[in-house]
Amino acid sequence: MSSIPRLAFLLIAWLSFGLGVIGVFVPLMPTTCFMLLAVWSASKASPGFARWIREHPRFGSAVLAWEGERAIPRHAKQLAAGMLALSMLVLALTVSLLWLKLALIGGLALLGAWIVTRPEPAL
């Protein structure tokens, strides 16, 4: 791979990793999806960095569960469902356009249904 695409993938990997770390501390900010993006892009540019993320004590298990089984741990499902419900409540109380409110809440409900129907890791 030439240096410019490799640098771009590495930049995406580090940016995604940083956003994932921020997501650990900031409510409503996702963590796992950023870690998955970080591993994917690091795999293209820096296999060592991708391996480090997969072996990370905090983030590695969720990444490996998704990569290996397309599974989401129960605690992550519960947290996601709770945050989605809170987001829907905020939207219901703050968005004035009915069609927009229904579209956003409907989209979040579909996302929540998809998340809770994913299998749990077979650990």
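Predicted model: local features only at pLDDT ≥ 70, side-chain atom pairs only at ≥ 80, totals over all residues.
**Entry 1. Overall layout**

I counted the secondary structure elements and recorded six helices and zero strands in the chain. Along the sequence I read the pattern α-α-α-α-α-α. For the extent of the chain, I noted that the C-alpha trace spans about 50 × 35 × 25 Å along its principal axes. Of the 123 residues in the chain, buried residues make up 32%. I then turned to contacts between residues at least 6 apart in sequence, and found that 56% of these join residues at least 24 apart.

**Entry 2. Salt bridges**

I asked how many salt bridges the structure holds. The count is two.

I looked up glutamate 67 and found its side chain in a salt bridge with that of arginine 54, at 2.8 Å from N to O. This pair links distant parts of the chain, with glutamate 67 in helix 4 (residues 60-69) and arginine 54 in helix 3 (residues 47-55), 13 residues apart. I checked the accessibility of both partners. Glutamate 67 has a relative accessible area of 34% and is partly exposed. Arginine 54 also counts as partly exposed, at 25% relative accessibility; I placed it there because buried means under 20%.

I next returned to glutamate 120, which forms a salt bridge with arginine 74, the closest N and O atoms being 3.1 Å apart. Arginine 74 lies in helix 5 (residues 74-94) and glutamate 120 in the segment after helix 6 (98-116), so the pair ties together parts 46 residues apart in sequence.

**Entry 3. Helix 1 against helix 3**

I asked at what angle the axes of helix 1 and helix 3 cross. The answer is roughly 20 degrees, and the axes of helix 1 (residues 3-25) and helix 3 come within 11 Å. Helix 1 is therefore roughly parallel to helix 3, because angles under 35 degrees count as such. I recorded the crossing of these two helices as left-handed. On the helix 1 side, the contact is made by Ala13, Trp14 and Phe17; on the helix 3 side, by Phe49, Trp52 and Ile53.

**Entry 4. Helix 5 against helix 6**

I examined helix 5 and helix 6, whose axes come within 10 Å and cross at roughly 170 degrees. The two helices are therefore roughly antiparallel to each other. Helix 5 contributes residues including Lys77, Ala81, Leu84 and Met88 to the contact, and helix 6 contributes residues including Leu104, Leu108, Gly112 and Val116. The residues of this contact divide into 13 nonpolar, two polar and two charged.

**Entry 5. Valine 116**

I asked which residues valine 116 touches, leaving out those up to four places away in sequence. They are Lys77 and Ala81, both of which I had listed on the helix 5 side of the contact with helix 6. Valine 116 itself is placed in helix 6 and is partly exposed, with a relative accessible area of 44%. Lastly, I looked up its separation from alanine 38, which is 78 residues away along the chain. The C-alpha atoms of valine 116 and alanine 38 are separated by 23 Å.

Conventions. Residues numbered from 1 in each chain as written. Heavy atoms only, no water. Salt bridge = Lys/Arg side-chain N within 4 Å of Asp/Glu carboxyl O. Helix = DSSP H or I, 4+ residues; strand = E, 2+ residues; numbered from the N terminus. Buried < 20%, exposed > 50% of the residue type's maximum accessible area, 1.4 Å probe, protein only. Axes fitted to C-alpha atoms, helices over the stretch in contact; angles between N-to-C directions. Parallel < 35°, antiparallel > 145°, perpendicular 65-115°, else oblique. Left-handed = near helix turned anticlockwise from the far one by under 90°. Contact = heavy atoms within 4.5 Å. Nonpolar A, V, L, I, M, F, W, Y, C, P; charged D, E, K, R; others polar.
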